[in-house]
Amino acid sequence: MLNIKKGSVSHSAYDLRDPNGEIIETHTLAVLVDNESGVLARVIGLFSGRGYNIDSLTVAEVDHEGHRSRITVVTTGTAAVIEQIKAQLGRLVPVHEVHDLTVEGPAVQRELALFKVSGKGDHRIEALRLAEIFRANVVDSTLESFVFEITGTPEKIDAFADLMRPLGLREMARTGVAALARGV
Amino acid sequence: MTQMSGAKMVVQALKDQGVEVVFGYPGGAVLPIYDEIFQQNDIKHVLVRHEQGAVHMAEGYARSTGKPGVVLVTSGPGATNAVTGLTDALLDSIPLVVLSGQVPTFLIGTDGFQEADTVGITRACTKHNWLVKDPAKLSETIHNGFHVATSGRPGPVLIDIPKDVQFATADYVGPAPTKPRHYAPTVKGDPAMIERMVEMIETAERPVFYTGGGVINSGPRASELLRELAEATGFPVTSTLMGLGAYPASGKLWLGMLGMHGLYEANLAMHGCDAMFNIGARFDDRITGRVADFSPGSKKVHIDIEASSINKIIRVDVPILGDVANVLEDVLTLWKQRGSRVNREAVTQWWVRIKEWQAVRCLDYRPSQKTIKPQHALERLEALTRGRDRYITTEVGQHQMWAAQYLHFDQPNRWMTSGGLGTMGYGLPASIGVQVAHPDALVINVAGEASWLMNMQEMGTAMQFRAPVKQFILNNERLGMVRQWQDLLHGQRYSHSWSESLPDFVKLAEAFGCKGIRCSDPNDLDDAINEMLDYDGPVIFDCLVEKHENCFPMIPSGKPHNEMLLGEAKMMGVIETHGAALV
């Protein structure tokens, strides 16, 4: 689950947060948009133009016939800023829906990452052992390196990266978060 | 369905949208459209002298009629010249449809001649924009453009049309009667919130209506309802720069404009009220001053059609998302149903305090027999045009604030000024746009000489299209507002804030073929103004005014409403360092 910082309420029907609070929260937003030319530029331009943060961003078409794409943005800001971000996103003409998965109820979030780890001897064995514990797959292997594929929450991927670093982490590629609300 | 070329579709779509006039400038990438314009007589084309002028004219047209303004420009520099106007319209919520030519689709991305990434450049300064690569989608896109520009919070849209799409043939689609689109702004207010607003009206002890451009944009009905609600409750009314005319300046409840150069009584009423009814305004920083100290003791209602405007700067107690006219209608109905009650005794006491503030007479200035005070010039302009159906545009700066303070507006859509963006060079082209929409009306651009020079080439447009616009230039040979800030904030070091090598405005008028009038003596002023008003044609009026007059009242940046500078106040040292960092 999301690591919700103090001051945010993810499971209450009522907004009990201090509107003038300075506590920075992390929210995951799902934005359903028309898959038209420039739509991603509009969303990104909104964030950069108004000085909002993007921690992670994923986008892909999810409805080929309806030409819809789903953009998942992880962003940080005070409660007031998060509300502004949602309202500003809602203003964009190609945006159909904006969902704040952090406050609308429980949600699952997953991210995929690839890690290239090189090493010999004990380091190599230890990397492989840890990969097993994290349920990472080996998708490429040479005598001196592995490429691991791992899926999980961003925190799990962070934890895996921390463990791989002393064992010879060379490169890492992350997809950013994809998220869905739980239940129907 | 009818098959036609893309260029013909453009003209057909404009006709079907009821467009009467297009402001534009031809060029290589829009020649097919200009060819179609040449072959018809339904749509008038006003040839401008610079594309920025075209956009401001369209803004003037839109603001004085409530209809969208239409602009046609070519690719590359034509489109980039339109950017300032687009940004201006976006900030002031003015409906515009700008059509730009583009290099043919097969040249896009090759750095072709007069190619610019117009959609990329204008993405941040339009409500929405489109690059139409498929001729089959052109007519629908134009109709959509009108829908987006005029619905919800209005704004500018841009449609970029490559030249090969203008030549290609496809089916023309007329405007759809209903648009099953997800883009459908909320116009009806939430009944629960409307009930809370009515309760506040019933119990308020120190109420104030804080109205804005949203009342004007909502249409004439909104202004009527505002007047009805104000008269019925007896609550005082103030307005932002954008909302002047929604409630008449001659009304007995009128407090005058509020904000940085707003009236003393308006700002103190905002500061001291216990119930603030924000109707179509957006808590702009010119209005709020220091946010932490903004109207500390009040409960606030905010009616706005745009969700992102609510709780953006000031947290409100009763947010009402909806169209002003719709919401006010519901509020009035419910309030009357519940017995039309107000706390009369408390409101009467509140008016006693307001009258004390009004007695300060914050707009008083030191008169002069020798030089024309700019305030005096505007008072005389007001007096000599009273009773006439008069449209005023302005440039940006001191003269703009004085015009807002000293001219009186009794009707909406009579006051066109660049509020949000503060675009110098707005007023002259805007006045032409207004005059094109209202050929028989009196249209005056109250200008400063520096702003006016920024788009003075448009006098050629005024002459060509016989737009008898009156350019009333308060010439202090200074960038007055910049000078004022340097006076108050930067140790009187007047860095580049004077106008040197000014043209002779009377000779300039003659060069354009219009009338020039110069006046520097207060005793000649009335005759000179009358001469301007009586002349059948454009006039450039060079009114030489006091050079070092500052505009008061003034709430310095970073100060709350109750810390205001009045005309005779001692000025040095009142603005703190952190305030100087603000603009």
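When I call a residue buried, I mean that its relative accessible area is under 20%. With that in hand, hello everyone, and let's walk through this structure together. Please keep in mind that this is a predicted model.

Let me start with a strand in chain B, β20(B). It is mostly covered, with five of its six residues buried. What does β20(B) pair with? On one hand there is β18(B), joined to β20(B) in the parallel sense over six bridges. On the other there is β19(B), also parallel to β20(B), over five bridges. If you want to find these pairings on screen, look for Ile540(B) in β20(B): it is the bridge partner of Gln471(B), and it is the bridge partner of Gly516(B) as well. Another bridge to look for links Lys515(B) with Val539(B) of β20(B).

Now zoom out to the sheet around it. Six strands of chain B, in the order β16-β15-β17-β18-β20-β19, form an open sheet with parallel pairing. Which strands stand at the edges? They are β16, residues 415-416, and β19, residues 515-519, of chain B; each has a single partner strand, so one side of each is left without a neighbour in the sheet. Helix α16 of chain B, residues 374-385, packs on this sheet and touches β15, β17, β18 and β20 of chain B. The direction of α16(B) makes about 155 degrees with that of β18(B).

How many disulfides does the structure hold? Zero, over all chains. Take Cys543(B): the nearest cysteine sulfur is that of Cys519(B), 5.7 Å away, and Cys543(B) is in no disulfide. Cys543(B) is also buried, with a relative accessible area of 0%. Then there is Cys273(B), whose closest cysteine sulfur, in Cys362(B), is 18 Å off, too far for a bond. Cys273(B) is buried too, at a relative accessible area of 1%.

On to another sheet of chain B. This one is open as well, with six strands in the order β11-β10-β9-β12-β13-β14 and parallel pairing. At its edges are β11 and β14 of chain B, each pairing on one side only. From one strand to the next, the twist averages 15 degrees. Between β10(B) and β11(B) there are two bridges, in the parallel sense, and Val237(B) stands opposite Trp254(B) of β11(B). Helix α14 of chain B, residues 324-337, packs on this sheet, touching β12, β13 and β14 of chain B, and its direction makes about 130 degrees with that of β13(B).

Next, helix α12 of chain B, residues 264-272. Why do I describe α12(B) as largely enclosed by the rest of the structure? Because nine of its nine residues are buried. Among them are Tyr264(B), Glu265(B), Asn267(B) and His271(B). The buried residues of α12(B) pack against the strands β9, β10, β11 and β12 of chain B, and against α15, residues 344-358, of that chain.

One residue I'd like you to click on is Ile194(B), in helix α9 of chain B. It is buried, with a relative accessible area of 4%. Setting aside neighbours within four places in sequence, Ile194(B) is in contact with Gly189(B), Ile320(B), Val327(B), Asp330(B), Val331(B) and Leu334(B). The C-alpha atoms of Ile194(B) and Pro319(B) are separated by 9.1 Å, and these two residues are 125 apart along the chain.

Now a helix pair. Helices α3, residues 51-65, and α5, residues 83-91, of chain B pack at an angle of about 25 degrees, with axes 7 Å apart. That makes the two helices roughly parallel, because the cut-off for that word is under 35 degrees. On the α3(B) side we have Gln52(B), Val55(B), His56(B) and Glu59(B), which meet Thr84(B), Gly85(B), Leu86(B), Asp88(B) and Ala89(B) of α5(B). By class, that contact has three nonpolar, four polar and two charged residues.

Last stop, chain A. It has four helices and nine strands, running along the sequence as β-α-β-β-α-β-β-α-β-β-α-β-β. Of its 184 residues, 42% are buried. What share of the contacts in chain A between residues at least 6 apart in sequence joins residues at least 24 apart? The figure is 70%.

Methods:
Residues are numbered from 1 along each chain as its sequence is written. Chains are lettered from A and ligands numbered from 1 in the order in which they are written. This is a predicted model: local features need pLDDT of at least 70, side-chain atom pairs count only at pLDDT 80 or more; totals for chains, interfaces and linings use all residues. Side-chain values use heavy atoms; hydrogens and water are left out. Buried means under 20% relative accessible area, exposed over 50%, partly exposed in between (1.4 Å probe, protein chains only). Contact means heavy atoms within 4.5 Å. Two strands pair if DSSP finds at least two bridges between them. Axes are lines fitted to C-alpha atoms, for helices over the stretch in contact, and angles run from 0 to 180 degrees between N-to-C directions. A disulfide is a pair of cysteine sulfur atoms within 2.5 Å. Angles under 35 degrees count as roughly parallel, over 145 as roughly antiparallel, 65 to 115 as roughly perpendicular and the rest as oblique. Ala, Val, Leu, Ile, Met, Phe, Trp, Tyr, Cys and Pro count as nonpolar, Asp, Glu, Lys and Arg as charged, and the others, Gly among them, as polar.
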